[in-house]
Amino acid sequence: MPSSVMPTSRRGEDSQSSAAVSTVGLRKSYGDKTVLDGIDLHIPAGSVFALLGPNGAGKTTVVKILSTLITADGGQARVAGHDVATSPDGVRAAIGVTGQFSAVDGLITGEENMLLMADLHHLSRSEGRQVAAELLERFDLTEAAKKPASTYSGGMKRRLDIAMTLVGKPRIIFLDEPTTGLDPRSRHNMWQIIRELVTGGVTVFLTTQYLEEADELADRIAVLNDGRIAAEGTADELKRLIPGGHVRLRFTDPSAYRRAASALREVTLPHSRLRSSGGTPIDEALALRIPSDGSQRELRSILDWLDSAGIEADELTMHTPDLDDVFFALTGGTDQPKEAVR
Ligand SMILES: Nc1ncnc2c1ncn2[C@@H]1O[C@H](COP(=O)(O)OP(=O)(O)OP(=O)(O)O)[C@@H](O)[C@H]1O
């Protein structure tokens, strides 16, 4: 955590506000580029909220504004009952931030990083040692505590980063892409840590490009696209936005794949959603998806069309809706999340 967001004291939360985070009409531009174009959020205390969006959607910008690292150009934001513009110290006292701007100093040991944090929070020497030892133990870092943090794996560094954040006992934690670059085991460890934080009463605001992560962890998810919240709700609510799943066509021959992709782009089939969204290339594995409710009528229509267009896929599978479908539908399917296909 950079010193600019270092909690300075513990303040009482505005009892008027049950929301841990709320924003109205939040705006931010860089030059003539509008990054946030009116963002409204309401995040109840004690919940996990995921801000989902493709690269460059503005997720980090939201976190930076809410954690008082940068100021918004317009709109209001309250965090833990404090206005970010008029009471930034109040906000800083209540939050912890980890993620893309990690506070871990690689030159010193994990333990020294923790003790430094304890110092910054004005804990006494003995209290600092005790808190550091407890947190290092909790995050399975006791053995590595005396080693320089630069020798830690990606997962260990993230755990140390969160442990350092917890020294200040934040009520709200911002996790900016907490598992980007982690291997599957470390990712699952991190998810468990996040769940435990919430069980302990902390509100978690996380940004992610991983749909699976939002689906696993979040009580509510907002999809950020083109500077606006394209949709917000529980994972189930978002999935219901897409009435059906999709048919996935997989090809082994790149030229057959390309022919099918271009034919799908132009197609107007009698049955609805194929007409509106066409086939969307979904990954480098030569696969296409066609929105479909899975009804016999739609499947027949798709198969008839494939036959008449002379397209022969090597594999055709039916998928029920998941967050991938929502994401592709809302973000136009052009900018793919890193793990769009499970
Ligand atoms: N200081 C800055 N000056 C100019 N443009 C910026 C600045 N910070 C961010 N941007 C631009 O604002 C947009 C949103 O950036 P941001 O980092 O918030 O996106 P993001 O959703 O977090 O993306 P990613 O997933 O890639 O981290 C991007 O186009 C980025 O280039």
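I count helices as DSSP runs of H or I with at least four residues, and strands as E runs of at least two, numbered from the N terminus. With that settled, I looked past the end of α3 and found His122, whose phi is positive, near 60°.

A note on the source: this is a predicted model, where local features need pLDDT of at least 70, side-chain atom pairs count only at pLDDT 80 or more, and totals for chains, interfaces and linings use all residues. Residues are numbered from 1 along each chain as its sequence is written.

Whole chain next. I find 12 helices and 14 strands. Of the 342 residues, 45% are buried (20 or more other C-beta atoms within 10 Å of the residue's own, with C-beta atoms placed from the backbone).

Back to α3, residues 110–120: which of its residues are buried? I list Gly110, Glu111, Asn113, Met114, Met117 and Ala118. They lie on the same side of α3 because they cover an arc of only 160° around the axis, taken from the directions from the helix axis to the C-beta atoms. Among what covers them are α4 (125–138) and α5 (154–166).

Then I turned to the ligand. The residues around the ligand include Tyr30, Val35, Asn55, Lys59 and Gln209. Which helix gives the most to this shell? I found that α1 (residues 59–66) does, with three residues. By class, I get three nonpolar, seven polar and one charged; Gly counts as polar here, and Tyr and Ala as nonpolar.

Methods: A residue is buried if 20 or more other C-beta atoms lie within 10 Å of its own, exposed if 12 or fewer, and partly exposed in between; C-beta atoms are placed from the backbone. Two residues are in contact if their C-beta atoms, placed from the backbone, lie within 7 Å. A residue is near a molecule or strand if its C-beta atom, placed from the backbone, lies within 6 Å of it.
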